[in-house]
Amino acid sequence: ADSALERTRLVGSPVAAGLIDVVLRLEAERPVEVVERRLEHRIDGVYEFRGPGGPRRVEVRGIADRIDLLADGTFRIFDYKTTAPGTPLQIAVYAICAAARLRGYRGRDWTLAEAAYIAFRGDRSVIPLARPGEIEATLLDAEATIATIADAIEAGAFPPRPRARSLCATCAYAGVCRKDYVDADIAAPAV
């Protein structure tokens, strides 16, 4: 029953572009040649993040949906989402980790040119990490956030604060989570 809806989402309709159009437009609008494309690239490892209290080593596990290595020594990273993301933190962490992982690959250090979410639903299909010229500052903020979160977890202060309670239904840690002890009305940033 949903196949017609999914086909329209993928190929589009007379009134709306499909996901294929979004991805192809993304390719056509970026003139620098792609020398290597990595799909579902694992970034598992221990990385250093610059935080308020100095550098902090944090173990990261994740899969970057797409990394394009470009002929000019830069790279771009994309993460596909079914809906618009609530925060740029995930793509920022992927970009930081990818830059560290790519250091020295093919005899060069790779510089981030672009990082964005590609959302399959919502008003905007391409949601960039930051505006041009603001990428480095956004990455520094993300590093500080990760270091602060890691410090809080290490100190034992990590109450569950899901963005939406519906996420708890698919969480692998639902059986051991303390979410029942957290007042939902307490204003705190979601992690």
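This note goes through the fold, the sheet, a helix pair and the nonpolar cores of a predicted model.

1. Basis. Local features need pLDDT of at least 70 and side-chain atom pairs count only at pLDDT 80 or more, while totals for chains, interfaces and linings use all residues. Residues are numbered from 1 along each chain as its sequence is written, and side-chain values use heavy atoms, with hydrogens and water left out.

2. Overall make-up. The chain holds four helices and nine strands; helices (H or I, at least four residues) and strands (E, at least two) are DSSP runs, numbered from the N terminus. Their order from the N terminus is α-β-β-α-β-β-β-β-β-α-β-β-α. Of the 191 residues, 32% are buried, meaning under 20% relative accessible area with a 1.4 Å probe, protein chains only. Among contacts (heavy atoms within 4.5 Å) with a separation of 6 or more, 61% join residues 24 or more positions apart.

3. The sheet. Five strands form an open sheet in the order S3-S6-S7-S8-S9, with mixed pairing; two strands pair if DSSP finds at least two bridges between them. Strand S3 (34-42) and strand S9 (126-128) are the edges, each pairing on one side only. From one strand to the next the twist averages 25°. S6 and S7 are antiparallel over four bridges, and aspartate 68 stands opposite arginine 76 in S7. H3 packs on this sheet and touches S3, S6, S7 and S8.

4. H3 against H4. The axes of helix H3 (residues 89-102) and helix H4 (residues 135-154) come within 9 Å and cross at roughly 100°. Axes are lines fitted to C-alpha atoms, for helices over the stretch in contact, and angles run from 0 to 180 degrees between N-to-C directions. H3 is therefore roughly perpendicular to H4, a label for angles of 65 to 115 degrees. Leu89, Ala92, Val93, Ala95 and Ile96 of H3 meet Leu139, Ala142, Glu143, Thr145, Ile146 and Ile149 of H4.

5. The cores. A nonpolar core is a set of buried Ala, Val, Leu, Ile, Met, Phe, Trp, Tyr and Cys residues joined through side-chain atoms within 4.5 Å. The largest has 32 residues, of which Phe49, Ile67, Phe75, Ile77, Leu112, Leu129 and Leu139 touch the most other members. H3 gives the most to this core, nine residues. Leaving aside neighbours within four places in sequence, leucine 139 contacts Ala92, Ala95, Ile96, Leu112 and Leu129. Another core, of five residues, lies apart and includes Val22, Phe78, Ala116 and Ile118.

Technical notes: Angles under 35 degrees count as roughly parallel, over 145 as roughly antiparallel, 65 to 115 as roughly perpendicular and the rest as oblique. Buried means under 20% relative accessible area, exposed over 50%, partly exposed in between (1.4 Å probe, protein chains only).
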